[in-house]
Amino acid sequence: FKISRGKFNDFLTCPRCFYLDRVKGLVSPDTPGWTLNETTDLLLKKEFDVCRKEQKPHRIFIKNNLDHLVPFKHEDFEQWTKSLQLGFRTEHPSTNLIIGGGLDDVWHDRTSDQLFIVDYKSTASRANEDKTALAEITLEGAYKKGYKRQMEIYQWIMRQNEFNVSDTAYFVYCNGIKNKTEFNNKLEFKVKLIPYIGNDQWVEPTLLDIKYCLLAEEPPEAASDCSHCKYVTKILTV
């Protein structure tokens, strides 16, 4: 039974919504696609692919004193990036679950032979105290917990496929600059590289919880902060 990285996160957000989706086929309302973010991701991948082909450091590596890194070159890399097909996956025999998703990138340390999971992110954030200044991008915030879990799931999958993966992952964060005087057919970004130390020890126990949930005869309790469940409960009482 296939579980995407996104559905894995849905289970952690609200087991009841996950159960209704995967078992009963009641899919929660989706959000529109992030087409500008997808474009940024695509253009970043093109840049890193040039360095991947030539096995040379990208300029962001040099700027951050990481010139010992190069984008990882592997025959299956393009397959790994196909999220809709769960191109990057592993099978977990004890639960009979296939866990997967799509990677943005993988970097290779030529000195230690370790691999680093990489995710591209795009935003347009401004500091509250100065509406013209860019906010300092961090990994703090409730919704960014999902970003961290995503990294740890991918680290776990990579290890299941017997790759030497570092606990350190990297976010390539692109923050759109809003204080320009004109658009002039161009968006500009300040790009920041943010390291994150992951811990994937929670992944396998959670897979056991997911299987128990899928086999249950009744849906589990809703998460206390689930907006979908709160909405449905409110509608039923009107």
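**Figure 1. Buried residues of helix α1 and the elements that cover them in the predicted model.** Helix α1, which spans residues 5–13 of this predicted model, has Lys7, Phe8, Asn9 and Phe11 as its buried residues. The cover over these buried residues of α1 includes strand β1 (2–4) and helix α2 (15–22), together with strand β4 and the helices α6 (144–160) and α7 (203–215). In an α-helix there are 3.6 residues a turn, so residues three or four places apart point the same way.

**Figure 2. Overall view of the protein chain, for orientation.** Eight helices and eight strands are present in the protein chain, whose C-alpha atoms fill a box of roughly 55 × 45 × 25 Å when taken along the principal axes. Of the 238 residues in the protein chain, 39% are buried. Among the contacts in the protein chain that have a separation of 6 or more, 65% are accounted for by residues 24 or more positions apart.

**Figure 3. The second largest pocket and its lining.** The volume of the second largest pocket is about 390 Å³. Its lining consists of 16 residues, of which Leu44, Glu47, Cys174, Phe189 and Val191 are the closest to the centre of the pocket. By residue class, the lining of the second largest pocket divides into ten nonpolar residues, three polar residues and three charged residues.

Figure 4. His58 lies in the loop that runs between α3 and α4, where His58 is buried, with a relative accessibility of 5%. The side chain of His58 makes a polar contact, at 2.7 Å, with the side chain of Glu47, a residue that is also among those closest to the centre of the second largest pocket. A polar atom of the side chain of His58 also lies 3.0 Å from the backbone nitrogen of Ile60. When neighbours within four places in sequence are left aside, the residues in contact with His58 are Glu47, Phe48 and Cys51.

Figure 5. Thr168 is part of strand β7 and, with a relative accessibility of 17%, counts as buried. Residues up to four places away in sequence not being counted, Thr168 touches Phe116 and Gln155 as well as Pro195, Tyr196 and Ile197.

Figure 6. The structure holds zero disulfides, a disulfide being a covalent bond between the sulfur atoms of two cysteines.

Figure 7. Most residues other than glycine have a negative phi. Asn65, although not a glycine, has a positive phi of about 55°, and Asn96, also a residue other than glycine, has a positive phi near 60°. Asn65 lies in the loop between α4 and β2 (69–71) and counts as exposed, at 64% relative accessibility. Asn96, by contrast, is partly exposed, with a relative accessible area of 48%, and is placed in the loop between β3 (88–92) and β4 (97–101).

Figure 8. Gly87 is found in the loop that runs between α5 (77–80) and β3, and at 10% relative accessibility Gly87 counts as buried. With neighbours within four places in sequence left aside, Gly87 is in contact with Gln79, Trp80, Lys82 and Gly101. The C-alpha atom of Gly87 is separated by 9.0 Å from that of Asp76, a residue eleven residues apart from Gly87 along the chain.

Note on methods:
Residues are numbered from 1 along each chain as its sequence is written. This is a predicted model: local features need pLDDT of at least 70, side-chain atom pairs count only at pLDDT 80 or more; totals for chains, interfaces and linings use all residues. Side-chain values use heavy atoms; hydrogens and water are left out. On a 1 Å grid over the protein atoms alone, a cavity is a set of points where a 1.4 Å probe fits but cannot get out, and a pocket is an open set with protein on both sides within 12 Å along at least five of seven lines; lining residues have an atom within 4 Å of a point. Grid points are joined across faces, edges and corners, and a volume is the space filled by probe spheres set on the points. Ala, Val, Leu, Ile, Met, Phe, Trp, Tyr, Cys and Pro count as nonpolar, Asp, Glu, Lys and Arg as charged, and the others, Gly among them, as polar. A disulfide is a pair of cysteine sulfur atoms within 2.5 Å. Helices (H or I, at least four residues) and strands (E, at least two) are DSSP runs, numbered from the N terminus. Buried means under 20% relative accessible area, exposed over 50%, partly exposed in between (1.4 Å probe, protein chains only). Contact means heavy atoms within 4.5 Å. A polar contact is a pair of N or O atoms within 3.5 Å; within protein, one must be able to donate a hydrogen and the other to accept it, and residues adjacent in sequence count only if both atoms are side-chain atoms.
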